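Welcome! Take a moment to look over the sequence and the model below, and then let us walk through some of the details together.

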Amino acid sequence: MADKIAAIGAGLVGCGWAIVFARAGFQVALYDESAEALRRAPTHLANCLKDLEAAGLIESAAAVLGRITVENALADTVRGARYVQESIFEDVQVKHRLFGVLDALLDEHTLAGSSTSAIPPSQLTEDLKTRERWLVAHPVNPPYLVPLVELVPAPWTATATVDAVRALMTQAGQAPVLVKRELEGFVLNRLQGALLNEAWKLVEEDYISVEDLDKTISDGLGLRWSFMGPFETIDLNAPNGVRDYAERFGPFYHRVANSRPTPQPAWSETLISQVESVRREQLPAEQLDSRRAWRDRRLMALVRHKHEMNGGPA
Ligand SMILES: NC(=O)c1ccc[n+]([C@@H]2O[C@H](COP(=O)([O-])OP(=O)(O)OC[C@H]3O[C@@H](n4cnc5c(N)ncnc54)[C@H](O)[C@@H]3O)[C@@H](O)[C@H]2O)c1
């Protein structure tokens, strides 16, 4: 069936993918090796879809849910699928074992992507006979609200695979970007890492409080970043565009880049405890879940605004 997608792993991310594809009209077969995960999935999916419907981001939660079937057997899950999205534990051995099984199960034209956050695809697919049809398709959580997907091919991934998965992701309403060759952390987490490393340092050196550091992003840089990336930002921040910006501020950023010794020490236990105690004062551990739900509702409002802005899905 050309419109069938297989989602393997029914945790946070696998359920998120099931929503992405079912929302776009695909039939989704969702599989997990854990009976408990499969038992929980329908309620979790129904709750997420109810929120999306209430936010006006889907027309009918029931219709989307009706396109997702929960499967007990891996072979049934992938049979006839156009694409398989794997979202199981982040463990090279566990993923590699599953990929070996899938290698024998995939139909002739089925393509496959891994949700891995950090494992280079060549470590997972080198010995597969179907390896030309595999790549990493790294989502951001939850993928039905944050559309970016990093596509990362292994050296042997066929160009046709990359093109087809990119087209499929676009059709499903996601925003795919191509990481041309594999590197640790891909691109999104390298950018996040650069910012986090500086954030921990600035707090450790007592230049700023944890609260004010967060505010610098939420009331500062982050506002622009939800609409444009850093290159477009600087292009607009000097009268004559990006070259003008680079000429004015390049020497300053160069001094900043060289103001840190290399190699950098790891985040220390003392520092982590210091930041944790501030965060837990602001948000007790038992409120983490409700704050996550609050975040997702704010994201829904932002996504709705972006759809209006771009003339995207209602
Ligand atoms: N959580 C995030 O923010 C996030 C973001 C992007 C990517 N990812 C990646 O997505 C993947 C899944 O992450 P998650 O947060 O959903 O984890 P999770 O622990 O919520 O879910 C993983 C699920 O995989 C199932 N599973 C484990 N081994 C299996 C197997 N061999 N066959 C079938 N099912 C199996 C488990 O039972 C579990 O339900 C990981 O590779 C992770 O790095 C996570």
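## A tour of the model

Leaving out residues up to four places away in sequence, D103 makes contact with L128, K129 and T130. The model you are looking at is a predicted one. D103 belongs to helix 5, and it counts as partly exposed because 17 C-beta neighbours lie inside 10 Å. R131 is 28 residues from D103 in sequence, and their C-alpha atoms are 8.2 Å apart in space.

**The overall layout**

How is the protein chain divided into domains? The domain assignment gives domain 1, spanning 4–178, and domain 2, spanning 190–282. Between the C-alpha centres of domain 1 and domain 2 there is a distance of 33 Å.

**Around the ligand**

Next, let us turn to the ligand. It is surrounded by 23 residues, and the closest are G9, G11, V13, S34 and N141. Sorted by class, this shell holds ten nonpolar, ten polar and three charged residues. Which elements each supply at least two residues of the shell? They are helix 1 (12–23), helix 5 (92–105) and strand 6 (134–139). Helix 1 gives the most, with three residues.

**The nonpolar core**

The largest nonpolar core has 56 residues, and the members that touch the most others are A6, A18, I19, F21, V28 and L30. Helix 1 provides the largest share of this core, eight residues. For I19, the contacts beyond four places in sequence are L45, C48, L49, V64 and Y144.

**Backbone features in the loops**

P142 sits in the loop between strand 6 and strand 7 (148–153). Another cis bond runs from T262 to P263, where omega is near -5°. P263 is in the loop between helix 11 (242–257) and helix 12.

There are also residues other than glycine with a positive phi, including F186 and D206. The loop between strand 8 (175–178) and helix 8 (188–204) holds F186, while D206 is in the loop between helix 8 and helix 9 (210–225). Is F186 buried or exposed? F186 is buried, because 20 C-beta neighbours lie inside 10 Å. D206 is exposed, with 8 other C-beta atoms within 10 Å.

Back in the loop between strand 6 and strand 7, you will find L145. L145 counts as buried, with 23 C-beta neighbours inside 10 Å. Setting aside residues up to four places away in sequence, L145 touches D296, L299, M300 and V303. V84 is 61 residues from L145 along the chain, and their C-alpha atoms are separated by 20 Å.

Helix 12 covers residues 269–282, which makes 14 residues. From its first C-alpha to its last it reaches 20 Å, close to the 20 Å expected at 1.5 Å a residue. Why does helix 12 lie largely in the open? The number of buried residues among its 14 is zero, so helix 12 lies largely in the open. One of the residues in helix 12 is E281, which counts as exposed with 10 C-beta neighbours inside 10 Å.

Helix 4 (residues 74–78) is the place of D76. With 14 other C-beta atoms within 10 Å, D76 is partly exposed.

**Distances side by side**

| Pair | Apart in sequence | C-alpha to C-alpha distance |
|---|---|---|
| D76 and A29 | 47 residues | 8.4 Å |
| D103 and R131 | 28 residues | 8.2 Å |
| L145 and V84 | 61 residues | 20 Å |
| E281 and T262 | 19 residues | 33 Å |

Technical notes:
Residues are numbered from 1 along each chain as its sequence is written. This is a predicted model: local features need pLDDT of at least 70, side-chain atom pairs count only at pLDDT 80 or more; totals for chains, interfaces and linings use all residues. Domain bounds come from an automatic or database domain assignment. A residue is near a molecule or strand if its C-beta atom, placed from the backbone, lies within 6 Å of it. Helices (H or I, at least four residues) and strands (E, at least two) are DSSP runs, numbered from the N terminus. Ala, Val, Leu, Ile, Met, Phe, Trp, Tyr, Cys and Pro count as nonpolar, Asp, Glu, Lys and Arg as charged, and the others, Gly among them, as polar. The expected span of a helix is 1.5 Å times one less than its number of residues. A residue is buried if 20 or more other C-beta atoms lie within 10 Å of its own, exposed if 12 or fewer, and partly exposed in between; C-beta atoms are placed from the backbone. A nonpolar core is a set of buried Ala, Val, Leu, Ile, Met, Phe, Trp, Tyr and Cys residues joined through C-beta atoms within 7 Å. Two residues are in contact if their C-beta atoms, placed from the backbone, lie within 7 Å.
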